[in-house]
Amino acid sequence: MKYKLSEIASFLNREFTGEDIEIRGCNTLMDAREDEISFLANLKYATYLSSTRAGAVILSPEYSDKVSRAIISDNPYLDFAKVVSLFAKEQGEFKGISELSYIDPTAKIEAGVTIYPFVYIGPRAYIGKNSKIFSGTYIGEDVHIGNECILYPNVTVMGGCSIGNRVILHPGVVIGADGFGFAQADTKREKFPQIGKVVIEDDVEVGANTTIDRAALGETKIGKGTKIDNQVQIGHNVQVGDNCVIVAQVGIAGSTKIGNNVILAGQVGVGGHLNIADNVIVGGKSGIAKDIKRPGIYSGIPVMDHSTFLKMSTTLPKLPEMRKEIVRLKKEIEDLKNQIKNK
Amino acid sequence: MKYKLSEIASFLNREFTGEDIEIRGCNTLMDAREDEISFLANLKYATYLSSTRAGAVILSPEYSDKVSRAIISDNPYLDFAKVVSLFAKEQGEFKGISELSYIDPTAKIEAGVTIYPFVYIGPRAYIGKNSKIFSGTYIGEDVHIGNECILYPNVTVMGGCSIGNRVILHPGVVIGADGFGFAQADTKREKFPQIGKVVIEDDVEVGANTTIDRAALGETKIGKGTKIDNQVQIGHNVQVGDNCVIVAQVGIAGSTKIGNNVILAGQVGVGGHLNIADNVIVGGKSGIAKDIKRPGIYSGIPVMDHSTFLKMSTTLPKLPEMRKEIVRLKKEIEDLKNQIKNK
Amino acid sequence: MKYKLSEIASFLNREFTGEDIEIRGCNTLMDAREDEISFLANLKYATYLSSTRAGAVILSPEYSDKVSRAIISDNPYLDFAKVVSLFAKEQGEFKGISELSYIDPTAKIEAGVTIYPFVYIGPRAYIGKNSKIFSGTYIGEDVHIGNECILYPNVTVMGGCSIGNRVILHPGVVIGADGFGFAQADTKREKFPQIGKVVIEDDVEVGANTTIDRAALGETKIGKGTKIDNQVQIGHNVQVGDNCVIVAQVGIAGSTKIGNNVILAGQVGVGGHLNIADNVIVGGKSGIAKDIKRPGIYSGIPVMDHSTFLKMSTTLPKLPEMRKEIVRLKKEIEDLKNQIKNK
């Protein structure tokens, strides 16, 4: 693949400077070759502008004179992402519907669908047009998969779940396994049958080996445009809003409701039956045990204001010294008391 | 499916009040329709009794006059779970043994077993009667699976492991992968071959993408009736007792022994070679680095008494202010000393 | 399998004491039978030497007179690991290349390779000699797998990734799923296509359900001899050095660089774009938010010196009492001030 710099600029609807060379790839400022295009978004990499061999750089106007060929942009990262998509090759070259798969005769497969070998598609399942199902994937009865979806290898979608359009499920994702619910009987725990389902709206991406449990009753829901990283656990009846970002290894316990545009950083844990407001951001490894009612940045176990957390964190290693100091002060006060008494 | 209210009451061996209507489903107080039955277990939902459209409600005697039709129970949650099981439909409709699977001729498959397409069953494996094996599941050589088990899609059970009766393995579960053991040689780590196995007793449930490693020598064991949630990691030679509850994303390091009726909340980490007593409850995200010898509730990293943890937690954000206060007090004491000296 | 004690000693290049009996297995001091060999490495088990029924024990010279038959070693654990490997049986008995798999005609399969049923091998993939691919595994286009590798069931290796020699990928491992990268557009997040790959060097072992994401641009790399446990998450463009040990449920965010011989204990979280020096050891459940520039042992959220962490940890439960003490001291100082004023 190759594009002229002018073609790329025109695709982005941006101006370019310098000679109109041919571009054959995308790379970082540090690694780009002469026929590759790069970008400057994080300004700490600005020092690389003088040494980069990149054929052209997407950058903001104030840096345009630092390189011989540039595309001028007010959002270089987004524009670079778009250029990368020009050069990106889709995963997987298999075409058509493999005869090595099992497709129930009552399933409905729309036009343009790709089905790799060793896929199981159950009764009354629906696969929307141009969707692509890789090997080892299981699609249970009455599952609905929208248009232009990608289900990578070894994905499991249990019966009755519903997936919107342009959804990406990375390898090993499990949608609709039973929620974790038991009722205490005399001497043992009785399974609470999980008869609800999972609904995933349009444009959601779900990372490798993430698990999203079916509801006990009703629905577990992931709102449109939400992006979920690898190894995230989402419990039964959780409601995640639109356009959220849920980073790797986060766990969200049952029946919790997450607002829109919420960002949960890696390894965060959210307790069950909680409400998290819109636009909340939670720092990595935090633990949430109560509702969060106002937008803001939070961190800690349990969470507090992020600015408080930062101060608390720098104080924490001084805790033993503080304790000793308190003992010393106590002693000094005793001494003072005695001195006063004896005066 | 439909049942008369009287049939449900009789199935539960409970009394009912009001008209004997037909019930066609189960739901929450908030979402139930007129032909659905609901329940009141968590009393914070009692306010919904006046507004629910549910045809009948399972509740404790003191609330029986709040609704027009009720089933009176001293354990509404357990009774509701039983009613849900009346309406629950099993996952998966495939019947028989698929010719698209590979079953070693020396494997023994009992009557009533279901084997989906694309299952591998190795030499001398045993599958007990009425067990159900979904697509993409691998069962190694000499594996024993008891009666009435369900192995959902893409499960892996490595060679020699043993699974009891009525065990449920959710999608992506891995039983019997090698434990993580290496011996330090001069310049590299030499693998310690993991020649033990995993034994899972009756009535255990294991959540999606959970991993339970085979022992280095001997057995890793999960006791009967224990319920394990998604993405839990259980190291080699761990012994988990009976009727435990292990919530999502918990990790238990090698050779640790967990007693009976232990509850570990989400994301707890337990160090290796430890002993945890019976009836211990550990709060979410806690870290256990030492033995726990007495029943009780524990939380924190590292764990302390839960009540202490709660007080500690509310104090934590005040730590920077405490530090400043100590500096102020120190200064005041200096001042006092000087005043006394100068008097 | 059976070996004479003299054969085992000679295999280890060590001396033995006592009668030259036949050994038929390996076990712990506690569980060994009369025809099994055991070992003493962790000295807290030395008390078992008097009661063990083991036929022989591998131990260091100073304990040689405690048992009737011994192999004398200055590294009993390593030597025992070697003896276990004599008795260990490889997982899986399937031989040859199953006709129930799908192998693209352009893939190259070297001599001695085992391919189980229901494996997908994509265009131009390369499988080195004697490698073994279990059921349900997906190998994408242009993937390179070296010699003597084992890919256990339900592994996914996405297109273009490269795996060295003698690499073990345990069940459910996902190599080369997309990294988690999005650019903010006006109202939604635009996917940053992940066009890089994953490179895994020789002698790496990757635990069950671990995920290693492909780079956005360039490579995510795991250095030779590094051992990774179950359910570890490694983000895009991470560089892990040689001979590291990464314990279960660790998460490493994108673009972070981990040195050589680094040990990360269970559930550690490492932020993105960080540098961790060689020979760093990090305690379980710790959180790393800044570069670590010097070798040493670190713990805590965020990490501090491990010795400081230990003192801090024992002080933590006393925090509420400390706070009360500060209030008391403040009051006493007020009293003293008044007394002095009134004198």
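**Figure 1. Strands β32 and β35 of chain A run side by side in this predicted model.** Here β32(A), residues 257-258, runs parallel to β35(A), and two bridges join them. Look for Ile258(A): its bridge partner in β35(A) is Ile276(A). Helices (H or I, at least four residues) and strands (E, at least two) are DSSP runs, numbered from the N terminus. Residues are numbered from 1 along each chain as its sequence is written, while chains are lettered from A and ligands numbered from 1 in the order in which they are written. Because this is a predicted model, local features need pLDDT of at least 70 and side-chain atom pairs count only at pLDDT 80 or more, whereas totals for chains, interfaces and linings use all residues.

**Figure 2. Nine strands of chain A build an open, parallel sheet.** Two strands pair if DSSP finds at least two bridges between them. At the edges are β9(A), residues 108-109, and β35(A), residues 275-276, each of which pairs on one side only. Strands of a sheet pair through backbone hydrogen bonds, either parallel or antiparallel.

**Figure 3. Chain C has an open sheet of nine parallel strands.** The order is β9-β12-β15-β18-β23-β26-β29-β32-β35 of chain C. The edge strands β9(C), residues 108-109, and β35(C), residues 275-276, each have a single partner strand, so one side of each is left without a neighbour in the sheet. Two bridges join β32(C), residues 257-258, to β35(C), and these strands run parallel. Ile258(C) has Ile276(C) in β35(C) as its bridge partner.

**Figure 4. Helix α4 of chain A crosses helix α3 of chain C.** The axes of α4(A), residues 319-342, and α3(C), residues 306-315, come within 8 Å and cross at roughly 55 degrees. That makes α4(A) oblique to α3(C). Axes are lines fitted to C-alpha atoms, for helices over the stretch in contact, and angles run from 0 to 180 degrees between N-to-C directions. Angles under 35 degrees count as roughly parallel, over 145 as roughly antiparallel, 65 to 115 as roughly perpendicular and the rest as oblique. Leu319(A), Pro320(A) and Arg323(A) meet Lys311(C), Met312(C) and Thr315(C); two residues are in contact if their C-beta atoms, placed from the backbone, lie within 7 Å. Ala, Val, Leu, Ile, Met, Phe, Trp, Tyr, Cys and Pro count as nonpolar, Asp, Glu, Lys and Arg as charged, and the others, Gly among them, as polar.

**Figure 5. Chain A meets chain B.** In this view, 59 residues of chain A are in contact with 57 residues of chain B. The elements of chain A that each supply at least two residues to this side are β21 (182-184), β22 (189-191), α3 (306-315) and α4. The largest share, nine residues, comes from α4(A). The side of chain A that touches chain B divides into 28 nonpolar, 21 polar and 10 charged residues.

Figure 6. A cis peptide bond, with omega about -5 degrees, joins Ile301(B) and Pro302(B). Pro302(B) sits in the loop between β38 (296-299) and β39 (304-305) of chain B. In chain C, a cis peptide bond joins Ile301(C) and Pro302(C), with omega about -5 degrees. Asn154(A) has a phi near 60 degrees, a positive value in a residue other than glycine, and is found in the loop between β16 (150-151) and β17 (156-157) of chain A.
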